[in-house]
Amino acid sequence: MQQSSITVGLPAYNAMPFLPEAIESLLHQTVSNFTILVIVDGSDDGSLQYLETVRDARLRVLIQPRCGLTATLNRLLLETKTSWLVRQDADDISYPTRIERIQEHISQYPAAALFYSLAEYYPPKRSMGLFRCSRGSPQKLRQIVQSGYLLSICHPSVALHVGKTLALGGYRDLSHAEDADLWWRMALHYDIHLLPEVLVGFRQNAASISSRHSYVQELHGLYIQYLLLSHLSHREPLPLSDIETLLESKISRNRLEAKQQLRRLNMDLAAKRYANALAALIRSLLASPGYLIQRVIDELFPDGSIANGISPDLFYRRKEVFWP
């Protein structure tokens, strides 16, 4: 691998106090032949001041007024001077062999467009479980998408081929779910490969997008599935505003509450609030026993077809409304 093959791209918006640990995890990889690009997206919390103290020739820092995550991700793609952009979030951790393993897979599968790995909730000794992740060969992942479901991939675990990602239009402005939209487009056009090992520590915290915007993320996830089904059936999709009420009727409030409580469980465990963690687990069970049981099954038997979305039939049964 040449030094210019990989850039690790990290958007930083008010990323303290987790940013130093994220950067240190990159500086202590088992290989050093990569660059680090950080875009400070209007932060006012000391993120830039910290980055100015990092003395490493691999680090490049860009500063911009607040633009939001999607615009920042697209700028990372445009500013990257290498063939591959490895994603990293400012509150997550790259384990020491992550870049080395990605380099090995790029050499083994040079025609691929996306690699991703397993991710565990962080810190591992004070969190439970792995990120619920789709698994299988590129063909199996493509079949999941062709059947009308979305892939479940941990965004900070991916490596993107820059040229192929830009050829598909990059990230589209679908707030809090722009990654799921990119995955289905990638899967239909190129090969996606799983690195079947834990290479990323995924931190759940109260300030994260998933914590602060869980309902909007759920809604936009359904709209992205609708965009996928529109593509598969060669129909013209309506704008979100036209079908928002319809999509909201498909959201299970109990399931969403159970999901939020499991997220709270790990945040409480990380903070050593064990009584609160137990209470969150009980609330998750009471909100949706079926969701909690399925989550346990996915954890114990991960080789099943893990995917996101509702049954495509729920869209097709009302095709006169979704595609007038």
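Is Asn-14 buried, partly exposed or exposed? Asn-14 counts as partly exposed, at 29% relative accessibility, where buried means under 20% relative accessible area, exposed over 50%, and partly exposed in between (1.4 Å probe, protein chains only). This is a predicted model, in which local features need pLDDT of at least 70 and side-chain atom pairs count only at pLDDT 80 or more, while totals for chains, interfaces and linings use all residues. Residues are numbered from 1 along each chain as its sequence is written, and side-chain values use heavy atoms, with hydrogens and water left out. Helices (H or I, at least four residues) and strands (E, at least two) are DSSP runs, numbered from the N terminus.

**Sheet**

- An open sheet of mixed pairing is formed by 8 strands, in the order E3-E2-E1-E4-E7-E6-E8-E5; two strands pair if DSSP finds at least two bridges between them.
- Strand E3 (59–64) and strand E5 (93–94) are the edge strands, each pairing on one side only.
- Strands of a sheet pair through backbone hydrogen bonds, either parallel or antiparallel.
- Strand E1 (residues 6–12) runs parallel to E4 and is joined to E4 by 4 bridges; Gly-9 has Arg-87 in E4 as its bridge partner.
- E4 pairs with strand E7 (residues 158–161) in the antiparallel sense over 3 bridges, and Leu-85 stands opposite Leu-160 in E7.
- E7 also pairs with E6, again antiparallel and over 3 bridges; here Tyr-116 has Val-158 in E7 as its bridge partner.
- In strand E4 (residues 84–87), Trp-84 and Val-86 point one way and Leu-85 and Arg-87 the other way. These four residues are all buried.

**Backbone: cis peptides and positive phi**

- Most residues other than glycine have a negative phi, and most peptide bonds are trans.
- Met-16 and Pro-17 are joined by a cis peptide bond with omega of about 10 degrees; Pro-17 lies in the loop between E1 and helix H1 (19–27).
- Tyr-122 and Pro-123 are also joined by a cis peptide bond, with omega of about 0 degrees; Pro-123 is in the loop between strand E6 (114–122) and helix H5 (138–146).
- Asn-14 is not a glycine, yet has a positive phi of about 45 degrees. The loop between E1 and H1 holds Asn-14.
- His-234, likewise not a glycine, has a positive phi of about 60 degrees. His-234 sits in the loop between helix H9 (214–232) and helix H10 (240–248) and counts as exposed at 76% relative accessibility.

**Cysteines**

- A disulfide is a covalent bond between the sulfur atoms of two cysteines.
- With a disulfide taken as a pair of cysteine sulfur atoms within 2.5 Å, a search of the whole structure finds 0.
- The closest cysteine sulfur to that of Cys-133 is in Cys-154, 7.5 Å away, which is too far for a bond.
- Both residues are buried: Cys-133 has 2% relative accessibility and Cys-154 has a relative accessible area of 1%.

**Aromatic pairs**

- Rings of Phe, Tyr and Trp (its six-membered ring) pair if their centres lie within 6.5 Å; planes under 30 degrees apart count as stacked, over 60 as edge-to-face and the rest as tilted. By this rule there are 10 aromatic pairs.
- Phe-131 and Phe-202 form an edge-to-face pair, 5.4 Å centre to centre with 80 degrees between the planes. Phe-131 is in the loop between E6 and H5 and Phe-202 in strand E8 (residues 192–203), so this pair ties together parts that are 71 residues apart in sequence. Phe-202 is buried, with a relative accessible area of 15%.
- Tyr-226 and Trp-323 form a stacked pair, 5.4 Å centre to centre with 25 degrees between the planes. Distant parts of the chain are linked here, with Tyr-226 in helix H9 and Trp-323 in the segment after helix H15 (319–322), 97 residues apart. Tyr-226 and Trp-323 are buried.
- One aromatic cluster is formed by Tyr-223, Tyr-226, Phe-315, Tyr-316, Phe-322 and Trp-323.

**Surface**

- Leu-300, in helix H13 (residues 289–300), is exposed, with a relative accessible area of 57%.
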